[in-house]
Amino acid sequence: MTLSWTGDLAPITLQAINAQAELQTRVDRKYLVPREVPELLDTWLDPRTQILQIDARRSFSYESVYFDTPDLVAYHRAARGRRRRFKLRTRAYVDSGIAFLEAKTKGSRGTTVKERIPHDLHAMSSLNPEARTYAGEVLSSVGLSGDLAWSLAPSLSTGYDRITLVLREGPAGAVSRLTIDTELRWALPPRNDCTTALDRPDLAIIETKSASRASSFDRLLWSHGIRPVSISKYSTGLAALRPDLPANKWSRVLHQTLRSTQLEGIR
């Protein structure tokens, strides 16, 4: 995705983001919006906002494969709102040619904790013994048996294009981050040479990440009638493709948005 107005923003390097705003422990809010909304940010953003730039690129492609147990324990914990939930995925940073095995867990006060280890870019759908040992430690940290790591298998793949914005705000210099994901796509693991997939190029996911409960990015979106929704690329995407799964937590998003082209309340 290329947004014409992003060329007017000052660049920030990945090294600077990691030093100032890596936010591996953070509060996340997600907004599912029509594809046109990111175009409106041109006139909304604080002029001090910076955009991630690597070489000459300001938009980056991501591909992920999520892993779960045969009975989908990660999915069901999320669907039931369990406090000790987790996600495990391999993620390819396509433009950089690198990949990681990433774990996301819920910390205290609703914060999201993300950790990762390097992974083979050419083996995104498999976990070697080292990766499974790491996954076992993650499972143990949320009260599950580490042995379940040996049963993990691909359950969903996702892809999207992303831009990342950063703003240092307030007298204390707190740093907030906002990402815009477009060209959204989900797919179940292929079976019998057939793939069940969902593509939604008409939608975008805006996500704010901050160390505080609400960032200036959040307040900006709220001022334009855009409110956060309960959505997870993994859980909501899997529910959209697997109607046999319990999905009350995401029913509004599923019925009004992912399975519809109508969105209201944006001004």
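**Helix packing and nonpolar cores in the predicted model**

The chain holds seven helices and 11 strands. The structure described here is a predicted model. Of the 267 residues of the chain, 52% count as buried. Among the contacts with a separation of 6 or more, 68% join residues 24 or more positions apart.

Helix α6 spans residues 233–241 and is mostly covered, with nine of its nine residues buried. The buried set runs through Lys233, Tyr234, Ser235, Thr236, Gly237, Leu238, Ala239, Ala240 and Leu241. Helix α7, residues 251–258, has Val253, Leu254, Thr257 and Leu258 as its buried residues. These four lie on the same side of α7, because they cover an arc of only 115° around the axis. On the other side of α7, Arg252 and His255 are exposed.

How do the two helices meet? Helices α6 and α7 pack at an angle of about 65°, and their axes are 10 Å apart. Their crossing is right-handed. From α6, the residues Thr236, Ala239 and Ala240 meet Val253, Leu254 and Leu258 of α7. The residues of this contact divide into five nonpolar, one polar and no charged. Val253, Leu254 and Leu258, which α7 brings to the contact, are also among its buried residues.

The largest nonpolar core has 35 residues, of which Tyr75, Leu238 and Leu258 touch the most other members. Two or more residues of this core come from each of β4 (60–68), α3 (73–79), β8 (153–169), β9 (174–187), β11 (203–210), α6 and α7. The largest share, five residues, is given by α6. A second, separate core consists of 22 residues, including Ala99, Ile117, Val138 and Leu139.

Thr90 is found in strand β5. Is Thr90 buried or exposed? Thr90 counts as buried because its relative accessibility is 0%, and the cut-off for a buried residue is under 20%. Leaving aside its neighbours within four places in sequence, Thr90 is in contact with Glu63, Ser64, Val65, Phe67, Phe100, Leu101, His119, Met124 and Leu127. Thr90 and Ile117 are 27 residues apart along the chain, and their C-alpha atoms are separated by 9.6 Å. Ile117 is one of the residues of the second core.

Arg83 lies in the loop between α3 and β5 (86–93). With a relative accessible area of 63%, Arg83 is exposed, since the cut-off for that class is over 50%. Along the chain, Arg83 and Val142 are 59 residues apart, while the separation of their C-alpha atoms is 9.0 Å.

Technical notes
Residues are numbered from 1 along each chain as its sequence is written. This is a predicted model: local features need pLDDT of at least 70, side-chain atom pairs count only at pLDDT 80 or more; totals for chains, interfaces and linings use all residues. Side-chain values use heavy atoms; hydrogens and water are left out. Buried means under 20% relative accessible area, exposed over 50%, partly exposed in between (1.4 Å probe, protein chains only). The arc is that of the directions from the helix axis to the C-beta atoms. Axes are lines fitted to C-alpha atoms, for helices over the stretch in contact, and angles run from 0 to 180 degrees between N-to-C directions. A crossing is left-handed if the near helix is turned anticlockwise from the far one by less than a right angle, and right-handed if clockwise. Contact means heavy atoms within 4.5 Å. Ala, Val, Leu, Ile, Met, Phe, Trp, Tyr, Cys and Pro count as nonpolar, Asp, Glu, Lys and Arg as charged, and the others, Gly among them, as polar. A nonpolar core is a set of buried Ala, Val, Leu, Ile, Met, Phe, Trp, Tyr and Cys residues joined through side-chain atoms within 4.5 Å.
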